[in-house]
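Hi,

Here is the structure for your files. My notes follow below it.

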Amino acid sequence: MINFLTQEPQNPQEPPPWDGVAPPEIDTWGQLPKLASDFHDVDGLFYFTYAVCIFFFVLIVGVLAYSMVAHRRKTWDQPALSNFTHNTPLEVIWTVIPLIIVMIMFAWGFKGSLDMTTTPQAAKTNTYKATAKQWNWTFTYPNHPTPSFGEVYVVADKPVQFYLESTDVLHAFYVPQMRVKRDVIPGRFQSVWFTPHFTREHTGDGPRIETMHLFCAEYCGQDHSRMYAKVHVVEQDYFDTAPWDQWPADDAPLEDLVKAGEGLYKQQCISCHSVDGSPGTGPSWKGLFTKDANGEYVGRQREVLVGGAPQTITVDDAYITESIYDPEAKKVAEEPYVRNAMSVFKPDTIDERRVKGLIAFMKSLAD
Amino acid sequence: MSHDHHSVVVPAPGPEFVPHEVAHHFNTPVQEFQSGKLGFWLFLATEILLFGGLFAAYFYYHEMYPETFVQGGKQLDWKLGALNTSVLLLSSWTMAMGVRSAQTSQKKKTLMFLGLTVLGAAIFMVIKYIEYSAKNEHGLIEFAHLFDGYNEATGQLSWFTDHDGVMAGVPHGHMFFAIYLTMTAIHGLHVVIGAGLIIWVMFGTAKGRFHAGYFMPVDLVGLYWHLVDLIWIFLFPLLYLVP
Amino acid sequence: MTTQTPVIDAPTTPQAPREDYLNCSKGFMSWAGTLDHKRIGLMYLVGVGIAFLCGGLFALLVRLHLWEPEGMLFSNVDYNKIFTLHGAFMVFLFVIPAIPGSIGNMVLPLMVGAKDVALPRLNLLSFYLWLSGAVLATLAIIMGGFDTGWTFYAPYSIYTDQAVVTIGLAIFILGFSSIFTGLNFIVTVHKLRAPGMTWFRLPLFVWALYATSILQVLATPVLGITVLLVAFERLYNIGIFDPRLGGDPVLFEHFFWFYSHPAVYIMVLPAFGIVSELVSVHSRKPLFGYKLIAFSSLAIAIISFLVWGHHMFTSGQSTYAMFAFSFLTFFVAIPTAIKEFSWVATVWKGSVALNSPMLYTLAFLVIFAIGGLTGVILGALNVDLHLHDTYFVVAHFHYVMMGSIALAFFAGLHHWWPKMFGKMYNEALAKVACLIIFVGFNLTFLPQFIMGSRGMPRRYASYVPEYAPYHQASTIGALILGAGVALMVFYLVSSLFTGKKAKENQWGGVTLDWHTATPPVHLNFDEEPKVIHEVYDYSTLDMESLQRDAT
């Protein structure tokens, strides 16, 4: 019964999803990452309020510190210097002035929020969809059929709107440098908009790409902290080459396909399936295939449940393809896998080419 | 230092009663009575807020799925509901009479009225059972499968089979019955608790503990019963009379 | 204010033990079945003290794990369970019940001049409800814990295969413990005040507990029904929070925060009350703006019901909702600011004794300034969209909950310790511990403001490496804070065994609690006090007996 602090399930062993992403530059006053959108009111109001807070803090601490020294009780019977309990001018000042200040803050904040929650027409014509699920992001583009996983490309200086949907629990779409955050609520559509800008000088010869952090900001379970995506701000020309849809062509060498498959595995499958045999929410991919004497890939046998009845099948391409599109069809007949549910992937999310890449990767793990 | 422990005692008005000893931290019986009453009203406020949350949920989903609530309300027998309402109203009257009888030190009458109130509670619960059975039969709330869960693959909720198809065509038909069950079951639980409290007070009455000098428990249990009645007065139209 | 009852003049010889509430009856049942509010207060103190230490242990585990960006100690699931337990234990088993249950129970009847609370058996029941809730919470851990966060957001809390129903039941029971305590205090203040104790002669701690009690009675039932509904969702799929069944997860958030925002005022108002008492006694000066402070507590209580939406600005609220909630959030800052300024004005030109209760109180005033002001930063709508669910919020609420409320609790403990036990702790160690706690606390949470505004989300088991220096500074601070707390526990507990005998009126207080024996007798007062002076009138201080005590 006591299974608190067990070691299962294991965490992914590989480098984190943000590996290689340079940290954002910090702004002049040191509290915020460099602003990459047009929501200057956030920064302005933040620092204004900060300054007001520091002012009142210094005032309060100053008065207290002075009093602690100057009005210290030196003998046990020392009375108070003064027994004043009222000072109407003082009371009026310290009620009215803070009231005025907070009303300014409220108005400024409200205006800023109206700006952020009213989507301009330009953004409406450039609408993406961000699909959140435990524990990764899938992005769909307005004019391109292929989605991207764990990263999204946006064009610099072009307003963009994201429709947000969740297929399971609450998540949140948070890009600190854009100052936007919105909860992603299952059963509802939300939207968020911003105009991305570059914040860094362009160095080097390659295409101008600035990668920013996208975090999930609503606790969603086990890998909430790994539910990361990269936001690539790029030029229009580079965007038009659809850099996320660089799946190897059908005649590309096998190792490119395996590498692409591995990349897709890390974005979509790694949170539940390990490759080293360790147990997870789903069965490990280790040992799916083995190599025979001729170096051909042969699938191993495994016990599955077909319609609840156990059956022994041989792993092959068809079985893997079916398990991706219809995971309930043949479930591995082992605890805890038989009780867990795999997300359903549709062909428009993972098309046949990508399935082939995953299979190629699985085969590359063969012993 | 000695405990200056002089207890205030309220004498018994007659041989069939016993005197009441005021609790040690109160100075007068009036202080004790007022404290008990204030405390109990505050407790009733918490009950109102508890049910308030349920009513809020009801209103929210009524707003979201109006057809479901109209259609669902049609499946309830408003005549049985009205009967239950009358039973509770009558039992509130007998309860009030019971309090009055205790206040005027009429032991037998107190027991009679309290007994009638408990009878009213029993009748209410029997009618409730009849209603729930009907829901069970029509597959609207299958109690045997209540805790069997939701099948995500088929979209089938274990206790809502609706085999007569009366909720076809409205969105999320089960929602009305889920809320109906939760609200009426929690209310029913309070009816049972109230009946239990009244029986407890009946025991005390039989022993002669309650009389003109001390009838606070009868009074407070009476307040509880009136609240239980009041909550039903709101439940009835919202659930039964919407169509 | 003085009473016509003479100050206890201790006619017995110094060695003969007087009969007081601690020794007047012995044996397990005399404690387990006690109706004495002072004994119940002590039992609460032990209970919430243990809960605080457990919650603190979870916190240390959290901070140690976060030393490394990839997480140093636990798997993600286990880390998630630990931070959830830290939050749940601290909020439900410590911060909400601690001050009313322990210090409130001990002191409130004394301050109004009563023999006990109005409903002593209900008081004992409140304690056993707390204990039951604590046992159930522990059971939930044994059953494998839960990782939903202390806020139990749906639908994750409905889907997750963990001990949610158990902890939900624990919270329901704890809720009733809180409700009954509040109910009891309201009746006590209304009905059991001594003759001459008018409303405006009540000490401000009583006003604070009164306002808290109103919140406890009116807000907690909503939490009760919320956890019940989550439990029902899990048990028989009502569907009201489950989007698969047509439910709305945001409705859960509304239900939850409708209680939990007033809850934070249930937590902080008693702390404000303690601070009000201590700044007056230790400056030997009446409170500045007594009526303002009293009414501001009520104002805060009322307005607190209207601001819950500021926890949900990112959930896609309507413009009207955002307007109203942000506006009222700024509004509620004003009575709080008035309190802070009034306390500072009370200290000003007083006779400021820098003993350990006062040092903890001064620490509160500094830390609460930061905590309250950063709340103002979060009230601005567009700024909140950036800061919500980041470490900035974590730092804000720890400044208020740990740095302010816990510190006020410590201050109150140090202040009333001699009264409760008749023993004094080691004052030098107390000052050292206060300093360690102050430094450790700020080192723990100041870096969290910075990394939060720079984008570090909360509830993360692993993080982007650029935040590592801040996490590491925070972890070092937590270890220092833990050391300070450990020192405090050590000298407080040892004072019970080896502490010096306390003075009759250790600090020169003039409220009725300081007119009882030290420790008080079973029924508090030998004769019912009759109040003839205004509250905080230090001219009534019996300087001769203080002098006798001082020599």
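Which residue in strand 7 of chain A is the bridge partner of Ala172(A)? It is Asp183(A). Strands here are DSSP E runs of at least two residues and helices H or I runs of at least four, both numbered from the N terminus.

First, the ground rules. This is a predicted model: local features need pLDDT of at least 70, side-chain atom pairs count only at pLDDT 80 or more, and totals for chains, interfaces and linings use all residues. Residues are numbered from 1 along each chain as its sequence is written, while chains are lettered from A and ligands numbered from 1 in the order in which they are written.

Chain A, sheet. Strand 6 (residues 171-175) and strand 7 of chain A pair antiparallel over five bridges; pairing takes at least two DSSP bridges. The open sheet has five strands in the order 4-10-9-6-7, with mixed pairing. Strand 4 (151-155) and strand 7 (180-184) of chain A are at the edges, each with a single partner strand, so one side of each lacks a neighbour in the sheet.

Chain B, helices. The axes of helix 1 (residues 29-64) and helix 6 (residues 216-240) of chain B come within 10 Å and cross at roughly 15°. Axes are lines fitted to C-alpha atoms over the stretch in contact, with angles from 0 to 180 degrees between N-to-C directions. That makes helix 1 of chain B roughly parallel to helix 6 of chain B (angles under 35 degrees; over 145 is roughly antiparallel, 65 to 115 roughly perpendicular, the rest oblique).

Best wishes
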